[in-house]
Amino acid sequence: MRKKLLFAMAAMSLCTMLSFAEPQRSTLTRENAYPELRAGELGLGYQYGDSEVLESDTYTLRGRYAFYDNFTAYAELPYLDLQPAFGGGGESGFGDLAVGIDLLIFEDIFEYPFVIPHGEVSFDTGDEEKGLGSGETVKTFGISIGTKTWDQLAWIVDASYAIDGGTATSKDSDVYYLSGALVWDVSDRFAVLAEARMWEKNRFDDNPTLIQGGMAYMLTENVQLAGYFGRFQEDTTIETDEDRAEFRVTWGF
């Protein structure tokens, strides 16, 4: 509880250091929403996960910066607190550091449709034996394509391939997955969205899936608040399905 309180206080205090930003709202795909050229953004995230075998609290520090026109780099560093649901000692510490780039190679004059190739490297900085990391340096490449209908409804699909990333859902060295997002701009400030991701079949002959919904609200022209609720499902010999809730604060500089 103390960690959660300190996290909330830090997020509120940092919101005074603001500039321009256009944060992402979808989490499983790439949206054509980026900081202005030579500008950046910082974000704090908290995610709670609950399954029959594990409860987890994850605090993530994120950053993005627009180095060149249509070229944006980012980094994410999570801190995890894991508690077995059946009791016993838990584990906590930093997870795998991820850095990546997005390249907006095409955007219509009206901003839609758009095409965004992206790449990411996740370093094995988390302790695999403690469950804090994957134990592999994972290289992910993908492409997001989006369009918009009725000036309010954005559709985004993403196809990605992760080298040495199969440890997330299987023991295979590589894994591909498909993602989709539907974002409805209710107003200029408020949006609701639905997202889904499906990985290729794992060793249990099952396609792991993640389905979630969320809301994003621009508190000011520089600060975004977002919340997501979803469920990760994987058919294994033990009950590993996980309910998830996530909250994010993002601001520009």
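Predicted model: local features only at pLDDT ≥ 70, side-chain atom pairs only at ≥ 80, totals over all residues.
A salt bridge is a side-chain nitrogen of Lys or Arg within 4 Å of a carboxyl oxygen of Asp or Glu. Keep that in mind.

Let me start with three of them. Take E31 and R25. Their side chains meet in a salt bridge, at 2.4 Å from N to O. Are these two residues buried or exposed? E31 is buried, and R25 is buried too.

Next, E41 and R64. Here the salt bridge is 2.8 Å, again N to O. Where do the partners sit? E41 lies in strand 1 and R64 in strand 2, so this pair ties together parts that are 23 residues apart in sequence. Buried means under 20% relative accessible area. E41 has 7% relative accessibility, so it counts as buried. R64 has 10%, so it counts as buried as well.

Then R248 and E246. The closest N and O atoms of this salt bridge are 2.7 Å apart. Both residues are buried.

Salt bridges can also share partners. Which residues are joined into one network that way? They are R25, E31, K148 and D185.

Now to the rings. A pair of aromatic rings is described by the distance of the centres and the angle of the planes. How many aromatic pairs does a search of the whole structure find? The search finds seven.

One of them is Y46 with Y59. The centres are 5.2 Å apart, the planes are at 40 degrees, and the pair is tilted. Y46 lies in strand 1, residues 40–50, and Y59 lies in strand 2, so the pair ties together parts 13 residues apart in sequence. Y46 is buried, with a relative accessible area of 15%. Y59 is at 11% relative accessibility, so it counts as buried too.

Another pair is Y79 with F94. This one is edge-to-face, with 5.2 Å centre to centre and 80 degrees between the planes. Y79 belongs to strand 3, residues 71–84, and F94 to strand 4, residues 91–94, so the pair ties together parts that are 15 residues apart in sequence. Y79 is partly exposed, with a relative accessible area of 25%.

Rings can also form a cluster. Y177, W199 and F232 are linked into one by ring pairs.

On to the surface. L37, F67 and Y68 form a nonpolar patch there. Together they have about 340 Å² of accessible area. F67 lies in strand 2, residues 54–68. It has 40% relative accessibility, so F67 counts as partly exposed.

Which residues form the negative surface patch? They are E91, D124, D127, E128, E129 and E136. Look at D124. Its place is in the loop between strand 7 and strand 8, the latter being residues 138–149. At 41% relative accessibility, D124 counts as partly exposed.

You will find it between strand 6, residues 106–107, and strand 7, residues 114–122. E111 is partly exposed, at 43% relative accessibility. Now find T147. E111 and T147 are 36 residues apart along the chain, and their C-alpha atoms are separated by 8.5 Å.

We then turned to the aromatic pairs, seven by the search. We ended on the surface, with a nonpolar patch and a negative patch.

Conventions:
Residues numbered from 1 in each chain as written. Heavy atoms only, no water. Patch = residues over 30% accessible without salt bridge, like charges linked within 9 Å, V, L, I, M, F, W, Y side chains within 5 Å. Areas by Shrake-Rupley, 256 points an atom, 1.4 Å probe, with all protein chains shown as cover. Helix = DSSP H or I, 4+ residues; strand = E, 2+ residues; numbered from the N terminus. Buried < 20%, exposed > 50% of the residue type's maximum accessible area, 1.4 Å probe, protein only. Phe/Tyr/Trp six-rings, centres within 6.5 Å; stacked < 30°, edge-to-face > 60°. Lys, Arg positive; Asp, Glu negative; His and termini not counted. Charge placed at Lys NZ, Arg CZ, Asp CG, Glu CD.
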